[in-house]
Amino acid sequence: MPKRPTSRQQDAATSANPFIRNSTEQHAHETQDERDSRIGRAHDAQRISLDIDIEIAEAKKAWDRKAKAVKILLLGQAESGKSTVLKNFQIAFTPKHFARQRAAWRMVIQMNLIKSVKTILEALEEEWGASYASPPTDRRHTVTSNHRRLRMALSPLLVLDTSLNRLLSPSTGSDSPRELSVRAGSPWQLLLSPTSETFQRSTRVRSPTGSSEDLTRVVAACRQDIIALWEDSAVREVLRDREVSLEASSGFFLHDTARIATADYEPTDADIVRARIRTMGVEEHKFVMETTDVGSEYYLIDVGGSRSMRAQWIPFFENVNAIIFLAPLIFNQVLEEDSNVNRLQDSLGLWKEICGTRLLQHTNIILFLNKIDVLQETLASGVRVQKYVTSYGDLPNDFLNVVGYFKAKFMGLHRRLSPKPRPFLCYETSAIDTQAMSTMLHGVREMLLRNNLEKAAVI
Ligand SMILES: Nc1nc2c(ncn2[C@@H]2O[C@H](COP(=O)(O)OP(=O)(O)OP(=O)(O)O)[C@@H](O)[C@H]2O)c(=O)[nH]1
Ligand SMILES: [Mg+2]
C-alpha cells in the first residue's frame, strides 16, 4: 500500500507550488466563499497529484525489487513433482508462511482420503451392481450385509467430494477432472480456510448421525468404517482383480486413516508433501525469504504439466533465471492423458524440446531425476526395465545402473540440443523427503545467486 503524504510533506509541496501560491490571492469579483472553495479544490488536486507520485514511486520500487528477484520456472509432466518442490521451497525458506497454510492442507489431505474411498466404492459398485442389493450369484466375491452397511455409512463422503471439487474448480463444472484440481490464480488456500463462508457451505452435509456437520467431523465420524472398508479382504480382492492400485497413486492416505480421520488432526510436513492437488494453468508464487537472505524476493512459477496445458508455458520462458525440470524415473507407467505414451518417454521428449528452445539458450536448466524412492521400490519388487525400455538391454536391473542409464540419456540430449554450451546440472531427488530436499534446495539457491552475480559482473 502506498503511504499517504504527511502534513509536513503537504505543506512543503504547497509552498513550493506556484499554482497554489497564486491561487491564494483574492481574484477580482470573487466572494470569500468562492475563494475558499477554489483554494480547497487546488489543495485537493495537489493532494491527489502527490498521492499519484507516491504510488508511482512505490510501484517502481516493487518493480525494481521484482526485476532483481530470482525467478525459477518449474517444468515437467503432470505428477512429476513440481508443486511438491514448491512446498519444499516453502518449508526450507518461508516456514512461517507455510505454517499459515496448514489448515488448508488438512482439507486437501482429507479430500485425498475421500477420493480413495470413492474409488473403492465405485469399484465395488461396478463389481456388485449399483445398490449391492442383488449381486449376481456367480461372482467370486461375496457381498455381505456389512458391505452394504459400509456403503450407506460412507455415502456422505461422496456428497462432500462433489461439492468440494465444485468449490475449487467452479468453472469446469461437470467436466471437471476426476482428480482434485485448482484453477490457476484461484486463492484455494483462502477458499479452503475453515473460516471461509463458501467453504463452510460446501462442507456442511448430513453426517451419519443425521446432523449437519463440517468436513473434519464427517471424516472423523467415518473413521472406523473407512478402516473397515480398506482392511476388508473381499474389497482388497476386488481391487486386485480390477487392477486398481491405490497405494501407487498420488495422495494415498488410507494407511493413515486412524491418524488423519480425527477431530483434531494437524498435518505434518511429511503429510503435506504427499498431498495431491493438480495444478491447472500457470501460477506465480512470490516468496519473501525468512530463513536465509532474509527479505529478498524469489518467484517460483508452477505450471500444470498435462499435455493440454503445455502451450501455456511459453510466455513464461522469458526473464527466468533458471528452470527446474522434473523428470520422474518411472519407466513402467503411461500418461494419464494418453495411455499410448510411456511416462519416461514423454519426459525425454519434453526435455528435448526444452533443451532445444532458443528462447531459453541462456537459461540454466536444473534436472531433478525425481521419485527415486518409487524407482527403488519398483526395482525391489522385481520389475525389469528392459520390458518397458528395450534399449536398456542386458544391463543389471539395479538402482545404480538404472539411474546411470537414464541420466546419461538426459545428459546426451542436453549436450546435443542446447543451442549454446551450458553446464548439465542434475540431482537425484525424492521430493517427499523434506530433509534431503531442504539441503539440496539450499545448494541450488547458492548456485543461482553465484550465477546471477557472475552475470551481473559480465554486464
Ligand atoms: N513417492 C514420491 N511421491 C512424490 C515425489 N514427488 C512428488 N510426489 C507425489 O506425487 C504427486 C504429484 O506431485 P505434484 O507435485 O502434485 O505434481 P505436479 O508436477 O505439480 O503435477 P501437475 O500439477 O498435475 O502438473 C503428489 O502426491 C506428491 O506427493 C517423490 O519423489 N516420491
Ligand atoms: Mg502441480
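Biologist: In which hand does α16 pass α18, left-handed or right-handed?

Modeller: This is a predicted model. In it, α16 passes α18 in a right-handed crossing.

Biologist: At what angle do the axes of α16 and α18 cross?

Modeller: Helix α16 covers residues 372–380 and helix α18 covers residues 399–417; their axes come within 10 Å and cross at roughly 130°. An angle over 145 degrees would count as roughly antiparallel, and 65 to 115 as roughly perpendicular. The two helices, α16 and α18, are therefore oblique to each other.

Biologist: Which residues meet where α16 and α18 touch?

Modeller: From α16 come I372, L375, Q376 and L379, and they meet F399, V402 and V403 of α18. Sorted by class, this contact holds six nonpolar residues, one polar and no charged ones.

Biologist: How does α15 lie against α18, roughly parallel or oblique?

Modeller: The angle decides the label, and under 35 degrees counts as roughly parallel. Helix α15 (residues 343–356) packs on α18 at an angle of about 25°, with the axes 8 Å apart. The pair α15 and α18 is therefore roughly parallel. As for hand, α15 passes α18 in a right-handed crossing.

Biologist: Which residues of α15 and α18 are in contact?

Modeller: On the α15 side they are L344, S347, L348, W351, K352, C355 and G356; on the α18 side they are F406, K409, F410, L413, H414 and L417. The contact of α15 with α18 divides into eight nonpolar, three polar and two charged residues.

Biologist: What is the crossing angle of α6 and α12?

Modeller: It is roughly 80°, with the axes of α6 (residues 102–128) and α12 (residues 233–241) coming within 10 Å. That angle makes α6 roughly perpendicular to α12. In this contact I120, A123, L124, E127 and W128 of α6 meet V235, V238 and L239 of α12. By class there are seven nonpolar residues, no polar ones and one charged.

Biologist: Turning to the ligand, which residues come nearest to ligand 1?

Modeller: Ligand 1 has 26 residues around it, and K82, T84, V273, R276 and D373 come nearest.

Biologist: Which backbone atom of G81 lies 3.0 Å from an oxygen atom of ligand 1?

Modeller: A backbone N or O atom of G81 lies at that distance, 3.0 Å, from a ligand 1 oxygen. For S80, a polar backbone atom is 3.1 Å from an oxygen atom of ligand 1. R274 also places a backbone N or O atom 3.2 Å from an oxygen atom of ligand 1.

Key
Residues numbered from 1 in each chain as written. Chains lettered and ligands numbered in written order. Predicted model: local features only at pLDDT ≥ 70, side-chain atom pairs only at ≥ 80, totals over all residues. Heavy atoms only, no water. Axes fitted to C-alpha atoms, helices over the stretch in contact; angles between N-to-C directions. Helix = DSSP H or I, 4+ residues; strand = E, 2+ residues; numbered from the N terminus. Left-handed = near helix turned anticlockwise from the far one by under 90°. Contact = heavy atoms within 4.5 Å. Nonpolar A, V, L, I, M, F, W, Y, C, P; charged D, E, K, R; others polar. Near = heavy atom within 4 Å. Polar contact = N/O pair within 3.5 Å; in protein donor to acceptor, adjacent residues only side chain to side chain.
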